[in-house]
Every structure is written in structure tokens, then in C-alpha cells.
Amino acid sequence: MTHNLLANLVYDLWGDIHIPGILCQIGAIFVCTALGWGITYFLRKTYKSKKEQFTPVIRFGIGSFVYVLAPFLTLVLLIIAKLILEKWQRINLLQVAIPLMASFALIRLVFYILRRIFMRQNNLGSTLLLLEKFFAALVWGSVALYITGLWPDLLTYMNETVVPFGRHKVSVSVILQAIISVISILIIALWAGTALEERLMQVHAIHTSLRVVMARMARALLILTGLLISLSISGIDLTVLSVFGGALGVGLGLGLQKIASNYVSGFVILLDRSISIDDMIMVDKYYGRVTHINSRYTILQSMDGIESIIPNEMLVFSPVQNYSLSNRSLRLAAQVTIDYHSDVTHVLHLLETEVAAIKRIATTPAPQAFLLKLADNGLDLEVGFWIADPENGRSNILSEVNQTILRVLQAHNINIPYPQRDIRIVNNQGNLGVN
């Protein structure tokens with residue numbers, strides 16, 4: 001059977017080679033391909049040069065599909081060429097080229113959607129590549145079955161093969177259709193959720209936390225809707241989900257209490273805007289910049305690059321120091337001890353003037369130097385100053401201020417006293433000696 005189908009296919013193509021019309025088919029394929037890629041190149045170049053002139057909706061549509069437009073446009077042109085040429089000659093070569101181009105267009109589209117959904121998750125790179133290879137092999141295999149004429153026989157076999165499913169029997173074709181519909185609708189829902197999230201994150205008129213909440217809720221709603229639609233298309237009675245919903249509620253109330261608390265806490269954090277992305281916060285022993293606020297946890301990146309995963313419940317029920325809630329300015333201080341013989345007023349003025357010249361230190365309020373204590377070894381001074389960018393680090397600016405203080409003291413011959421200690425030694429006869 002397979003030998004006869006392949007023989008017929010080869011015979012038809014070989015017969016077309018010996019007629020002048022084959023040149024028309026080859027020319028049509030070449031012209032359609034050149035036009036498809038040429039028009040796409042022109043549209044892409046025009047879009048890049050006039051990107052800002054389009055409305056956001058048009059910009060999103062063109063920017064999203066311009067990179068997968070070439071095979072689809074070529075496919076449309078090939079179909080038009082087939083409709084025109086079939087009136088005068090045989091078109092076996094075009095009948096092979098069209099499904100090949102259609103499969104290529106489908107692969108490009110699915111690859112684009114998958115990368116838009118998952119490419120931001122760095123740990124899915126190899127998994128995504130493997131998934132793309134599997135899908136491409138599946139599509140090319142289906143095209144090969146279609147071209148060779150084996151596809152109707154495969155469909156008949158799958159329709160006749162049944163699998164026991166409880167008290168019912170379901171054919172393999174119905175199972176495959178259900179799986180394909182569920183996966184397709186979920187992928188479309190995920191892609192729509194990702195596109196909507198990207199669009200919302202560009203609306204600067206809305207607060208960042210509210211944008212994240214809207215994006216998360218919209219994505220969850222799209223996934224839930226897509227799942228329900230796909231189950232309904234597959235013929236599954238949605239009333240059976242009521243039992244699952246009750247079991248899920250009991251599980252959340254008992255075994256998943258902590259997880260549910262973290263999820264609810266995540267939405268509370270986003271809605272009350274107490275913590276936002278790029279805020280500098282400290283909770284428990286963790287200090288850093290908020291880089292991500294997810295539904296279950298929040299990621300803090302410390303100044304040394306270490307990322308800490310903080311459960312959202314901890315941010316709701318524990319005291320949190322937010323250095324960026326209403327004012328990003330942060331006060332820091334450096335201490336130094338000088339000799340009792342120094343002119344304190346002059347030293348304080350020098351320190352204020354020199355520290356104020358450092359680039360990162362704010363001019364309003366200006367740095368201030370204080371005499372804190374008349375200590376045992378000397379006069380304890382403090383230089384307080386403000387910075388407006390705590391996310392750039394505190395240790396580096398404190399180091400720069402301390403170096404400036406040391407340089408000023410050395411330049412004006414102001415001594416930093418050493419600790420003074422009296423040591424008493426008692427000999428065996430009870431005599432007391434003092435050094």
C-alpha cells in the first residue's frame with residue numbers, strides 16, 4: 001500500500017517534469033516565495049523606522065506578527081497561484097509545496113508564541129528547545145503522511161481503535177483531539193495573558209503594584225477560561241468539577257494553609273502598595289532591592305548580588321523596614337575620634353564642607369557634623385549625611401566618606417588618639433607598681 005502511494009506520487013511528479021508546465025510551477029513557487037519574504041522585509045523595515053507613529057494597538061499587532069508573516073504570506077500567494085494555474089495544467093508540484101509551506105508557517109507561529117510565553121524564564125531554555133524540536137518533528141511527520149496519502153488510513157485506524165474509559169469506550173482519535181484542543185487553547189490563553197501583561201506594564205499612569213495585580217489576575221482568568229472551554233469542547237461534563245472544587249477547598253483549608261496564606265498575602269501586598277518593585281526593604285535579617293513580586297513569594301536582591309526568596313506571608317505578618325515607601329532618601333553616619341587639643345568647631349566645619357562635595361551625597365539636607373561625646377580617649381564626632389539612591393549600596397558611600405574624613409584630618413595635622421590604658425602589676429611581696 002505504502003509502496004503504491006509513493007510510486008504514484010513519484011510518477012505524478014516525474015510526469016510533470018516532462019511537460020513545459022513544470023517551469024510555470026517552479027517559477028510560481030520562486031515568485032511567491034520572493035514576494036512573501038520581500039514584502040515582509042519591507043513591512044519590517046517600515047515598522048522599525050515609523051514605530052512611534054503607530055497607535056499602541058497597531059504597534060502591538062504589527063510588532064507581534066511581522067516576524068512570522070513571511071511563510072503565511074508565501075502560503076497565501078501559493079494558494080492563489082494554484083487556483084490560477086489549475087485551470088490550464090497539472091499542478092502536482094504546487095500540491096506538494098503548499099502543505100510544506102503551511103507546515104513551516106505553523107511551526108514558525110507556534111515557536112513565536114512559545115518563546116513569547118516562556119522565554120523570560122531562563123531555566124526553561126533547554127526544555128523549550130526540546131519542545132520546539134518535538135513539535136517540528138510531529139508537524140513534518142504529519143505532512144509526510146498527508147503527502148504520501150497515508151493520512152486517511154491513519155485517521156480510520158484511530159477512529160476504529162477504542163480505549164476503555166470508565167464505563168465508556170472512547171476512540172483514540174477523540175482522545176487526541178481532546179489533548180490537542182486543551183493544549184492549543186491553553187497556549188493561546190497563556191500567550192494572550194503574556195501579551196496583556198506586557199501591555200499593562202507599559203501603562204505608567206497606573207501604579208506598578210496595581211499593574212502587576214491586574215496582569216496576574218487577567219492571566220489567571222484567561223487560563224481558567226481556556227481550561228473550561230477546552231474541557232467543554234472535549235465533551236467533559238463541567239459539573240464533575242464541583243467535586244474537585246470542594247476537595248480543593250478542603251485541601252486549601254487544611255494541608256495547603258501556608259501556601260494559601262502566601263498567595264493571599266501576595267495580593268494583599270500588591271493591592272495595599274506597601275511594597276513595590278525596586279523598593280529597598282529589610283525584613284528579619286534580609287536586606288535588598290525588590291526585583292520580583294510573585295503570587296507566592298517575593299525576591300530580594302542584596303547589594304552583593306545574592307537573591308533571597310521571601311514568602312509573602314513573612315512580609316505581611318512581620319515588621320518590614322521600607323527605605324523607599326514615601327521617601328527614598330536615607331541617612332547614614334560616619335564616626336571618628338579626634339584629640340582633645342583640636343579645634344572642634346573648625347574640624348566640624350571642615351568635615352561638613354568636604355563630605356558635601358562627594359557626588360552621591362544629597363545637598364538638601366546638607367551633611368552635618370556633631371560632637372557626640374567627651375570620651376576617655378578623645379572627642380567623638382559624627383558626620384551625618386543623606387543619599388537618594390540606597391539601591392546603589394551603603395557600604396561604598398560610607399567607605400568614601402571615611403576616606404574623605406581621614407584625608408582631611410591628615411591634611412590639617414589633626415590627631416586621631418590611640419586608646420590610653422594604665423597597667424598595674426602586683427609583685428609577690430604585695431608591692432604595687434605602676435607603668
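**Exercise 1. Is Phe 42 buried or exposed?**

Start with how the model is to be read. This is a predicted model, in which local features need pLDDT of at least 70 and side-chain atom pairs count only at pLDDT 80 or more, while totals for chains, interfaces and linings use all residues. Residues are numbered from 1 along each chain as its sequence is written, and side-chain values use heavy atoms, with hydrogens and water left out.

Step 1. Find Phe 42 in helix H2, residues 21-49. Helices (H or I, at least four residues) and strands (E, at least two) are DSSP runs, numbered from the N terminus.

Step 2. Apply the cut-offs: buried means under 20% relative accessible area, exposed over 50%, partly exposed in between (1.4 Å probe, protein chains only).

Step 3. Phe 42 counts as exposed because its relative accessibility is 55%.

Step 4. Look around it. Phe 30, Val 31, Leu 35, Ile 39, Phe 42 and Leu 43 make a nonpolar surface patch of about 590 Å². Such a patch joins nonpolar side chains (Val, Leu, Ile, Met, Phe, Trp, Tyr) within 5 Å, from residues with over 30% relative accessible area and no salt bridge. A salt bridge is a side-chain nitrogen of Lys or Arg within 4 Å of a carboxyl oxygen of Asp or Glu.

**Exercise 2. Trace the side-chain contacts of Asp 279**.

Step 1. Asp 279 counts as buried because its relative accessible area is 7%.

Step 2. Follow its side chain to the backbone nitrogen of Ser 276, at 2.9 Å.

Step 3. Follow it again to the side chain of Asn 322, a polar contact of 3.3 Å. A polar contact is a pair of N or O atoms within 3.5 Å; within protein, one must be able to donate a hydrogen and the other to accept it, and residues adjacent in sequence count only if both atoms are side-chain atoms.

**Exercise 3. Describe the backbone at Asp 278, Asn 413 and Pro 365**.

Step 1. Asp 278 has a positive phi of about 80 degrees, although it is not a glycine. Asp 278 lies in the loop between helix H11 (257-272) and S3. With 37% relative accessible area, Asp 278 is partly exposed.

Step 2. Asn 413 also has a positive phi, near 55 degrees. Its loop runs between helix H14 (395-411) and strand S11 (424-426). At 68%, Asn 413 is exposed.

Step 3. The peptide bond from Thr 364 to Pro 365 is cis, with omega near -5 degrees. Pro 365 sits in the loop between helix H13 (344-356) and strand S9 (368-374).

Technical notes
Patch = residues over 30% accessible without salt bridge, like charges linked within 9 Å, V, L, I, M, F, W, Y side chains within 5 Å. Areas by Shrake-Rupley, 256 points an atom, 1.4 Å probe, with all protein chains shown as cover.
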